[in-house]
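Have the structure open while you read.

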Amino acid sequence: MVNNRRILLIIGGGIAAYKCLELIRRLRERGNRVRVVMTKAAQQFVTPLSVSALTNERVFTDLFDLDDEREIGHIRLSREADVVVVAPATADLMAKMALGLANDLASAVLLASDKAPVIAPAMNPRMWQNPATQRNVTQLKADGATFVGPETGEMAEAGEAGPGRLAEVPELIAAIERTTTAPASALTPGPLAGRHVVITSGPTHEPIDPVRYIANRSSGKQGHAIAEAAVKAGARVTLISGPVNIADPDGATCVHVETAAQMLAAVEAALPADIAIFCAAVADWRVANRGGQKIKKQKGAEVPRLELVPNPDILATIASLSKGRPGLVIGFAAETENILGHAQAKLRNKGCDWIVANDVSADSGIAGGVMGGDRNSVHLIKADGHQSWPEMGKDEVARALVEQMANSLGEDRRSSKRKPSATGKAGAK
Ligand SMILES: Cc1cc2nc3c(=O)[nH]c(=O)nc-3n(C[C@H](O)[C@H](O)[C@H](O)COP(=O)(O)O)c2cc1C
């Protein structure tokens with residue numbers, strides 16, 4: 001089984017493209033996430049709508065889609081996959097790959113990829129046997145690609161037979177499974193093995209109209225670092241991130257959201273969890289009177305007034321769940337003054353177990369600032385006291401926090417062996 005793997009499927013413009021719909025279904029049945037890039041020609045054979053319905057994801061088709069470049073981009077598309085599969089691989093697409101061309105999204109993703117692809121060719125036997133195609137196949141094999149098929153048999157065109165049929169779906173799945181290593185979390189019997197950790201990260205964007213939004217300076221670096229550290233500690237990690245410009249951490253299931261309301265919905269959908277860490281800088285307010293169209297600047301007209309309403313409080317909502325509350329609920333507090341005082345009040349008001357407070361003021365002393373920077377200086381506040389950690393890298397903060405989380409769950413397990421917990425709350429101290 002390739003369970004939990006992120007598969008990037010590149011569909012080329014061949015008649016066998018329809019078989020990819022079945023491939024997607026079978027891969028998803030096995031617990032994989034499938035993202036799809038379709039060439040322009042592929043869209044003549046199957047619609048992005050069908051593919052999107054089966055993957056439950058948007059389909060990527062255009063290299064010059066600005067939204068994609070900002071949100072994800074051709075580099076990240078392949079980097080965020082555990083395995084890249086080209087099926088059906090057309091003669092044309094293989095020629096581009098062998099030459100290193102990158103003039104559409106599919107070829108650009110393949111050229112920018114850090115993984116050797118699994119290639120499943122499908123074409124007319126004469127196209128396959130053509131010396132040009134065979135030269136390209138030899139080159140691609142030398143470059144490290146794994147080939148599956150083509151099989152020999154009847155072709156879709158009447159009276160044509162020979163090598164060129166797309167490998168059957170079970171063969172494709174077997175090849176993908178052979179190529180894909182097990183998820184990092186399955187390989188690491190770390191201190192959080194068997195635990196589900198939900199983490200929010202990054203800012204939220206609250207729309208003013210279709211082109212403008214309210215946001216903040218959060219980069220997502222701290223939340224993503226915690227996700228990475230939790231994966232390394234063996235946890236199953238769900239990372240729910242607002243719009244950021246950094247890559248999804250390997251081994252985590254990542255959900256991308258924009259607004260606070262979407263973030264709350266994604267957190268609720270991700271539960272149950274053993275630990276929930278709310279590191280995202282969620283906007284406190286959203287615009288009640290947002291424009292359905294771009295708000296126009298009109299000469300002499302009044303400046304528009306934005307009416308703000310409070311956003312849902314994700315930390316307080318989850319910390320106060322009477323059923324299904326994660327055992328350990330951790331909030332982050334970004335403060336610019338009276339850091340400990342505000343954070344201690346937040347711990348009481350929100351009903352969470354720990355608060356990680358960081359000084360995001362301009363005079364925090366951290367070069368480049370905490371928001372967007374790589375370093376952090378935090379206080380960890382629990383009901384029975386606090387620790388002030390020295391300035392360190394966000395990855396070190398993440399590792400230290402994960403260590404404390406693992407200790408807390410370990411202590412809880414030990415104390416629940418002695419005396420069963422009345423509340424079932426693992427981390428409340
Ligand atoms: C009806 C039809 C079927 C085709 N089937 C194949 C095929 O099975 N394999 C192939 O390599 N090309 C096939 N082609 C040619 C490709 O669609 C063409 O080379 C296209 O440029 C490939 O684009 P892509 O590699 O960007 O997907 C077919 C073309 C048509 C019109």
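1. Start with V198, which has T238 of β11 standing opposite. The two strands concerned are β8 (residues 196–201) and β11 (residues 236–241), which run parallel and are joined by six bridges. Keep in mind throughout that this is a predicted model.

2. Which helices pack against this part? Helix α12 (residues 260–270) lies across β8, β11 and β12, and runs at about 165 degrees to β11. Helix α14 (residues 339–350) also packs on the sheet, where it touches β16 (328–335), β17 (354–359), β19 (378–382) and β20. The direction of α14 makes about 145 degrees with that of β16.

3. Now step back to the whole sheet. Eight strands make up an open sheet with mixed pairing, and the order reads β12-β11-β8-β13-β16-β17-β19-β20. At the edges sit β12 (253–256) and β20 (385–388), each pairing on one side only. Ignoring direction, neighbouring strands here are turned against each other by 15 degrees on average.

4. There is an open sheet of five strands too, in the order β2-β1-β3-β4-β5, and its pairing is parallel. Its edge strands, β2 (33–38) and β5 (146–147), each pair on one side only. For a look inside, take β1 (residues 6–11) and β3 (residues 83–89): they pair in the parallel sense over four bridges.

5. The crossing of the two is left-handed.

6. What meets what between these helices? From α5 come A91, M94, A95, M97 and A98, and they meet T133, N136, V137, Q139 and L140 in α8. Sorted by class, this contact has seven nonpolar residues, three polar and no charged ones.

7. Which element gives the most to the shell around the ligand? That is α5, with three residues. There are 15 residues around the ligand, and G13, G14, T39, A41 and T90 come nearest. By class the shell divides into nine nonpolar, five polar and one charged.

8. A few backbone spots deserve a look by eye. Most residues other than glycine have a negative phi, and most peptide bonds are trans. Against that background, the bond from G149 to P150 is cis, with omega near 5 degrees; P150 is found in the loop between β5 and β6 (151–154). The bond from L271 to P272 is also cis, with omega near 5 degrees, and P272 lies in the loop between α12 and β13 (275–278).

9. Last one: N56. Its phi is near 60 degrees, a positive value in a residue other than glycine. You will find N56 in the loop between α2 (48–55) and α3 (66–71).

Technical notes
Residues numbered from 1 in each chain as written. Predicted model: local features only at pLDDT ≥ 70, side-chain atom pairs only at ≥ 80, totals over all residues. Left-handed = near helix turned anticlockwise from the far one by under 90°. Contact = placed C-beta atoms within 7 Å. Nonpolar A, V, L, I, M, F, W, Y, C, P; charged D, E, K, R; others polar. Near = placed C-beta within 6 Å. Pairing = 2+ DSSP bridges. Axes fitted to C-alpha atoms, helices over the stretch in contact; angles between N-to-C directions.
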